[in-house]
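Reader: Could you walk me through this one, question by question?

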There are 2 protein chains.
Amino acid sequence: MWKPERASKKPLYQQIADHLERRISYGELPPGSILPSERKLAEQLEVNRSTVIQAYEELRASGLVESVVGSGTRVSRTKWGIAPKHTPNWRQYTEGGTFLPNLPFMRRIREVTRSHPNIINMASGELSSDMFPNDIVQSLLQEQTFNEHLGYDDPQGYYRLRSSLVSVLERNNGIQTTESSILITSGSQQSLYLITQCLLSPGDAVAIEDPSYCYSLPMFQSAGLRIFRLPVQQDGIDPDDIIKLFREHRIRMLFLNPNYQNPTGTVLSQSKRIRLLKIAVDLGIPIVEDDPFSLTAFEGSPPTTLKAMDTDGIVLYIGSLSKIAASGLRIGWMIAPQSVISRLTDARQQMDFGLSIISQWAAERLLNSDQFHRHLDQLRVSLYHKQQIMVQAINRTLQGRVTFHAPDGGLNLWCKINQVVDDGKLLEESIRRGLVYVPGSVYGSEPGFVRFSYAKPYTADISSGISAFAEALNTI
Amino acid sequence: MWKPERASKKPLYQQIADHLERRISYGELPPGSILPSERKLAEQLEVNRSTVIQAYEELRASGLVESVVGSGTRVSRTKWGIAPKHTPNWRQYTEGGTFLPNLPFMRRIREVTRSHPNIINMASGELSSDMFPNDIVQSLLQEQTFNEHLGYDDPQGYYRLRSSLVSVLERNNGIQTTESSILITSGSQQSLYLITQCLLSPGDAVAIEDPSYCYSLPMFQSAGLRIFRLPVQQDGIDPDDIIKLFREHRIRMLFLNPNYQNPTGTVLSQSKRIRLLKIAVDLGIPIVEDDPFSLTAFEGSPPTTLKAMDTDGIVLYIGSLSKIAASGLRIGWMIAPQSVISRLTDARQQMDFGLSIISQWAAERLLNSDQFHRHLDQLRVSLYHKQQIMVQAINRTLQGRVTFHAPDGGLNLWCKINQVVDDGKLLEESIRRGLVYVPGSVYGSEPGFVRFSYAKPYTADISSGISAFAEALNTI
C-alpha cells in the first residue's frame, strides 16, 4: 500500500493530494466515488488527521473533489467534461451476482489480522510460517531441473502429480485409487466449490456436522443449498440421524470431516464409520469426506478414512497440502468416480483452465522428496508441542472457566466457556488485548464456544494469547 | 492412461480384466455404471477387440459385471451385498448444477487433439511449445532464490507481481494504474468468470462482438446472461450500434477485444475508440476490455488500449501471460476501480483462495528478467513468420476459394469460404486428413467461416495443414 515518504522535500499533504489526483485520473476512483473519511485515511497513511484535511482542501480547490453533506468527500462528477457523466453505478454491480459476502465475524477477523499483523493469531486455520517446509521448497526449486511442457496442462491435473498421489494416498491413508480418478484442485476450497456448484442445484438439501467449518463458508448459501445439521458428539456424528433427515428433507449429500473434525477436533469412531457407510449406500447419498488433517496425527499413524472403506464409489474424498505443508502452495485433490471427475474437470476448465504447471511440478517434487517425511515428523512434533503449551496455559489461567478435550491431531482446540458470554463483546475485548480467535457461532454452534488454533500462533506467543483471553473474559 | 504391458507373461485379456476389477473394487466404477463399448476400449488400449471381449467375459463369469440388452456391459449392482444397493445416481448429480457443458464442436476438437496428439492443430488458441520461454523459466527457477512466505497470500495477488505489472502496463500499453487496482487471476478465463458471476445477475443483457470468442464460452450461458451482438467490420464494431441495443435491451456490460480481435483479427480504429468511450460513459455501461494479444503486434509498437484512454474508470481491463509467454503459467490480471476489485477479491477467495505463491513468484521473476524483452521480440518474429507461411500456403492451394485479411498481430487468421459448405462435414473431412481447426460458428458467425491459428502448429506443418484443408474442401 502506498505511503507518503517522510524523507521527501515535498510536504506530506502535497504528496497525498498528488497520489489521490493520480488515482482519480487513472479512473481508479471514478467520478462520484466516496473518498475515505479524513480519520480513516490518516490512520492508513500514518499521518495526522490535519495533514489529510489539508490534502482534501487542496483537491477541493482544484475542483477534483467536492464535499457532500453527510457523506464526506467525493470525486467530482463534472471535472472531466462539461455535462455530468453517467459513469457506471458500481455499487449496483458489486451488489449483484450470486456470491454472498463473508460472515461479519470473519470479515472483522480478516480486517484485524490485516491491520494488526502482529496480533496473536489463534483464528487462522493455517500453520505458522516456521512450520512450512521453506528450506525443502527453496532447495528443490534450485536443485531440480524444471523441464515440463509450459502449455495447457491436462485439465484433470499434472499426470505425475496424480501418480505420486496414488502412492502417497495408499501408503498414508490406505486409499486405493488410480490416476484417472483424481482431480487436482487449488485446495479444499476449490474442491468444495466445484461440488456445490456442479453436482447440486439451488434448493437441494445437504447435511453437515454441527458445528462445522462448512457452516462458515458463504459458498453453501451462495449455491442456494438448504443446510441441515448432524450434531457432533465426542465420537462424531450419529449416523442414524441421517435417516430421519433423509426422510424429512431428501438430503442429497453429506459433508463430513471425520478425522480431527474442524472445529471440534473429534474423530468419528470405527463402528460409526461402518454404520455411516451402510446408511449412505442404502439411501444412495454421496458423502463428501473432507480430510485435511489426518496426516497431522500426533502418534504418526493416522485414523482410517471413509474412502479407504468405500467399495461403492459413494465417497468423494478431498485432501490438500495446505495443513500438512503450506497453504501458499495451493495444491489439493479430489478422488471420485470417473463420471464425477469428468464433469468437474469440464466445469473447472470453464472457471480457470486449471493450475499452473510450475506449482504442480513443485508439489510433485515435494511429495517425492526424501525430506518430506522428515518434515511431516517434525510437523507432528511441533503441533503436539504447541497444543501442550496451549493446554497448560489454559489449565493455569482459565482453570474451570472453560471445558475442552485435547485431540490427538489437527490444528484446533474447541473450548466451551462455562459462563454466559456475549460472543461479539468477548472477541472485541480479546482483540483489544492483542488476541484474535474464531467465535464458535461462526461454525454454527450455540453461543459460548471458541476455536483456538494452536498451529498459527508462534510457540512463544501461545501463553500470552491465552492470558489475554483470560483477561478479556474477566471484563465480561 | 493405463495400458496393458505387452512384455508381461500375463495374457493381455487377463491384465485388462484385473485392471477393471481393481477399478470396480476401488469404487471408481460404482455398481450400475456402464463400461466402455468393446470397440472403444479396444481402441483406447490399443488391443484387438477380441481381447476386450475375452476380458469382459472373464468379469461376467465372476459376477462382477453383467450384460444389459441395448446398453452394453455394466458393473453388477449385487456383487457387494445380497440386497441391491442404492448407490448414488451419479448421472442425476452430474447433470445438475449450473455449469453447462462445452459446445459440441469444442468437445469434438478436444477429443480429437487428445486422442491424436500428432494431428496438425490450428484449433488451439495457444503458442506452439517451441515459442514458450522454456529456457528462461528453467534458469530463473534455478538461479533465483525463492524466499517468499508460503502461507496464504494477499487474496488480491502477490504484491511484487502487481508492482511489476504497474511498470509493464505503463511501458507497454500506456496504462497508468496502481497496485491496489490490480487483481491477479489465473488468466482471462478466470477474470471473465469472476465478472460474469459476481457483477452480473441471471437475465442481465450484455453485448459482445459478432463473431466473438466469448460466444464460445458456455460460462456466458451458464450465468444466465442474455447475449446481444455487435457486428465486427474491418475496423471493429460500430459504437453507435450500442445505443440502439441499450434502448431496447438495457445492456449492462460490453465485452470487447479491440486489439487483434479473436477470431477476426481486426483492430478497432482510433476514431471508433473515442466514440465508444463517449457512448459507454454517457450511457453508464462498463466495458470489459479483453486484451490478450496487443503485445504480439508484429511491428513492435502495440495499438493503444481503451484502458489507457479511460479517465472515468469505466473500463475493466483483462490481460494475461498466456498468449505472450506460456498458457501453462496460468497468470492473468484485471484492472478495475477499487470497489470492483474488492468485490471480486472476496468472491475469488470463496472459490479457490487465490493462486500459488510459487507460480506468481516465477511470473514476477519472468517479467523482470532481462531476457523477457528478447523473448517478446523473438515471439513477434516467429508469429509473423508463421502467419506468412500460412498466407502463402493459402494463396498457393486455396486461391480464390477463401477470403481473408492478414492481421498485424494476434494468433489467428479468419477465413471466409467462398462456397456453401456444411461446417460439420468439412471439419470431419479435415480431421480425417490430419488437420483440426475451429469452425466459425463456434464464435457465433454464420456458416462458412473458419479460424486457423498459425501460432499452435509447428512451422513445418503449416503448409501440409492447409493442403489437408484444401483436399477436405474438394470432397464437399
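Reader: How much area do chain A and chain B bury between them?

Author: First, the ground rules: this is a predicted model, where local features need pLDDT of at least 70, side-chain atom pairs count only at pLDDT 80 or more, and totals for chains, interfaces and linings use all residues. Residues are numbered from 1 along each chain as its sequence is written, chains are lettered from A and ligands numbered from 1 in the order in which they are written, and side-chain values use heavy atoms, with hydrogens and water left out. Buried area here is the accessible area (1.4 Å probe) that two parts lose on being put together, summed over both. Carbon and sulfur atoms carry 53% of it, and the total for chain A and chain B is about 9,100 Å².

Reader: Which helix gives the largest share of the side of chain A that touches chain B?

Author: Counting contact as heavy atoms within 4.5 Å, 108 residues of chain A touch 108 residues of chain B. The rule also finds 47 residue pairs in polar contact across the interface, both at pLDDT 80 or more; a polar contact is a pair of N or O atoms within 3.5 Å, where within protein one must be able to donate a hydrogen and the other to accept it, and residues adjacent in sequence count only if both atoms are side-chain atoms. Helices (H or I, at least four residues) and strands (E, at least two) are DSSP runs, numbered from the N terminus. On the chain A side, the largest share is nine residues, and they come from helix α13 (residues 338-351) of chain A.

Reader: How many salt bridges cross the interface of chain A and chain B?

Author: A salt bridge here is a side-chain nitrogen of Lys or Arg within 4 Å of a carboxyl oxygen of Asp or Glu. The structure holds 52 of them over all chains. One that joins the two chains pairs R110(B) with D346(A), with the closest N and O atoms 3.8 Å apart. Across the interface, the rule finds four.

Reader: Why are E111(A) and R108(A) separated by about one helical turn?

Author: These two form a salt bridge, with 3.2 Å between the closest N and O atoms. Both count as partly exposed, E111(A) at 48% relative accessibility and R108(A) at 26%; buried means under 20% relative accessible area, exposed over 50%, partly exposed in between (1.4 Å probe, protein chains only). The separation is about one helical turn because they sit three residues apart in helix α5 (residues 104-115) of chain A.

Reader: How many residues apart are D240(B) and R275(B)?

Author: Their side chains meet in a salt bridge of 2.5 Å, N to O. D240(B) is partly exposed at 32%, and R275(B) is partly exposed at 33%. The pair links distant parts of the chain, with D240(B) in helix α10 (residues 240-249) and R275(B) in helix α11 (residues 270-283) of chain B, and the separation is 35 residues.

Reader: Is Y260(A) buried or exposed?

Author: Y260(A) lies in the loop between β8 and α11 (270-283) of chain A. Its phi is near 55 degrees, a positive value in a residue other than glycine. At 6% relative accessibility, Y260(A) counts as buried.

Reader: What is omega for the cis peptide bond that joins N262(B) and P263(B)?

Author: P263(B) is in the loop between β8 (251-256) and α11 of chain B. Another cis peptide bond joins D210(B) and P211(B), with omega about 0 degrees. For N262(B) and P263(B), omega is about 15 degrees.
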